[in-house]
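The sequence and the structure come first, and the description follows.

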Amino acid sequence: MSDFVLETQNLGISFGGLHAVSNVNLQIKKGEIYGLIGPNGAGKTTIFNLLTGVYQPTEGTFYLDGKELKRLSQERINHEGIARTFQNIRLFNNMTVRRNVMVGLHNRPEFRCSMADSILRLPRHFRVESEMKEKAVEILKIFDLEEERNALACNLPYGKQRKLEIARALATEPKLLLLDEPAAGMNPHETEDLRKTVELLRERFDITILLIEHDLKFVSGICDRLTVLNFGTVIAQGKTKEALSDPEVIKAYIGK
Ligand SMILES: Nc1ncnc2c1ncn2[C@@H]1O[C@H](COP(=O)(O)OP(=O)(O)O)[C@@H](O)[C@H]1O
Ligand SMILES: [Mg+2]
């Protein structure tokens, strides 16, 4: 068993000979809220794409709880325990709030139905369906979204759509949850609400969180440690306060 939930070793990728990300070494402990920050184009989302099987690393590798996940499909990686949200919200807009969470639940073994169960509408299909509905509402409660369970996802205000996306990712029961700019576009009230929700997730669930965020106030209020990227390489990493006061980091943020 590894000491780290996530460990990356010299992780990198190049597109047409250009290094978008190189030599990234992360060691994230169980229960941590860990930040990944850096200017636009630094390679943050690309790292999430590597960790979720959207892209295959051209260098290095990564481990979840000591198990190497390099080259596995997106679906397999999710089964192994990594779930994510996207920088631009991706929901099933014309499905209800509850149904969106149920999509995440489908990954769990206890909710699997055979094709025959579903097509022939065998008793198992109905039992699983009603258990999933219950479970989905339980998850929605954590996010204070149970009242909106029957609303269409597209009709939710922006801040709630962001929360619903996290709820759907959480429904897959990940060990590691990746959040790509969860506070982007939120008003201060929504941001504060999000901060509380993320902290609650850590307290209530056996979960580790890696988050990308531009709002440095949000980051310093919530992250135990962080990594700062610039032009695809790590320029600082460590305890949040120390890493943020590193001269290289200040230069990268404020410009030359
Ligand atoms: N599929 C791709 N093909 C070519 N270049 C890419 C691809 N995906 C990302 N990149 C490049 O990788 C760099 C990092 O992008 P990204 O990870 O989205 O940055 P960030 O999330 O930090 O703003 C950018 O220069 C981007 O153009
Ligand atoms: Mg990005």
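Helices α3 and α5 are roughly perpendicular to each other, because an angle of 65 to 115 degrees counts as such and theirs is about 105 degrees. The model described here is a predicted one. The axes of α3 and α5, the latter formed by residues 123-142, are 9 Å apart. On the α3 side the residues that meet α5 are V97, R98, V101, M102 and L105. On the α5 side they are M132, K133, K135, A136, V137, I139 and L140. Sorted by class, this contact has nine nonpolar and three charged residues, and no polar ones.

The crossing of α3 and α6 is right-handed. From α3, the contact with α6 takes in V97, N100, V101, V103 and G104. From α6, it takes in L164, A167, R168 and A169. By class, the contact of α3 with α6 has six nonpolar, two polar and one charged residues.

How much of α3 is buried? Seven of its nine residues are, so the helix is largely enclosed by the rest of the structure. The buried residues are V97, R98, N100, V101, M102, G104 and L105. Both α5 and α6 are included in what covers them.

Which residues surround ligand 1? They are F15, A20, G38, N40, G41, A42, G43, K44, T45 and T46. By class, this shell has three nonpolar, six polar and one charged residues. Helix α1, residues 44-51, gives the most to the shell, with three residues.

Helix α1 is itself mostly covered, with seven of its eight residues buried. Those buried are K44, T46, I47, F48, N49, L50 and L51. Just after α1, G53 takes a positive phi of about 80 degrees.

Most residues other than glycine have a negative phi. R71 is not a glycine, yet its phi is positive, at about 75 degrees. R71 sits in the loop between β6 (67-68) and α2 (74-80). Is R71 buried or exposed? R71 is exposed, because 11 other C-beta atoms lie within 10 Å and a residue with 12 or fewer is placed in that class.

E173 is also a residue other than glycine with a positive phi, near 55 degrees. The position of E173 is in the loop between α6 and β8 (176-180). E173 has 18 other C-beta atoms within 10 Å and is therefore partly exposed.

**Three further residues**

The table lists pairs of residues with their separation along the chain and the distance between their C-alpha atoms.

| Pair | Separation in sequence | C-alpha distance |
|---|---|---|
| K30 and N93 | 63 residues | 33 Å |
| V198 and V101 | 97 residues | 17 Å |
| R124 and S114 | 10 residues | 9.2 Å |

K30 is in the loop between β3 (27-29) and β4 (33-37). It counts as partly exposed because it has 15 C-beta neighbours inside 10 Å. If neighbours within four places in sequence are left aside, K30 is in contact with V5 and T208.

V198 belongs to helix α7, residues 188-204. There are 21 other C-beta atoms within 10 Å of V198, so this residue is buried; the cut-off for that class is 20 or more. Leaving aside neighbours within four places in sequence, V198 is in contact with I33, I209 and I222.

R124 is located in helix α5. Residues up to four places away in sequence not being counted, R124 touches C113 and D117.

Definitions and conventions. Residues are numbered from 1 along each chain as its sequence is written. Chains are lettered from A and ligands numbered from 1 in the order in which they are written. This is a predicted model: local features need pLDDT of at least 70, side-chain atom pairs count only at pLDDT 80 or more; totals for chains, interfaces and linings use all residues. A crossing is left-handed if the near helix is turned anticlockwise from the far one by less than a right angle, and right-handed if clockwise. Helices (H or I, at least four residues) and strands (E, at least two) are DSSP runs, numbered from the N terminus. Two residues are in contact if their C-beta atoms, placed from the backbone, lie within 7 Å. Ala, Val, Leu, Ile, Met, Phe, Trp, Tyr, Cys and Pro count as nonpolar, Asp, Glu, Lys and Arg as charged, and the others, Gly among them, as polar. A residue is near a molecule or strand if its C-beta atom, placed from the backbone, lies within 6 Å of it. Axes are lines fitted to C-alpha atoms, for helices over the stretch in contact, and angles run from 0 to 180 degrees between N-to-C directions. Angles under 35 degrees count as roughly parallel, over 145 as roughly antiparallel, 65 to 115 as roughly perpendicular and the rest as oblique.
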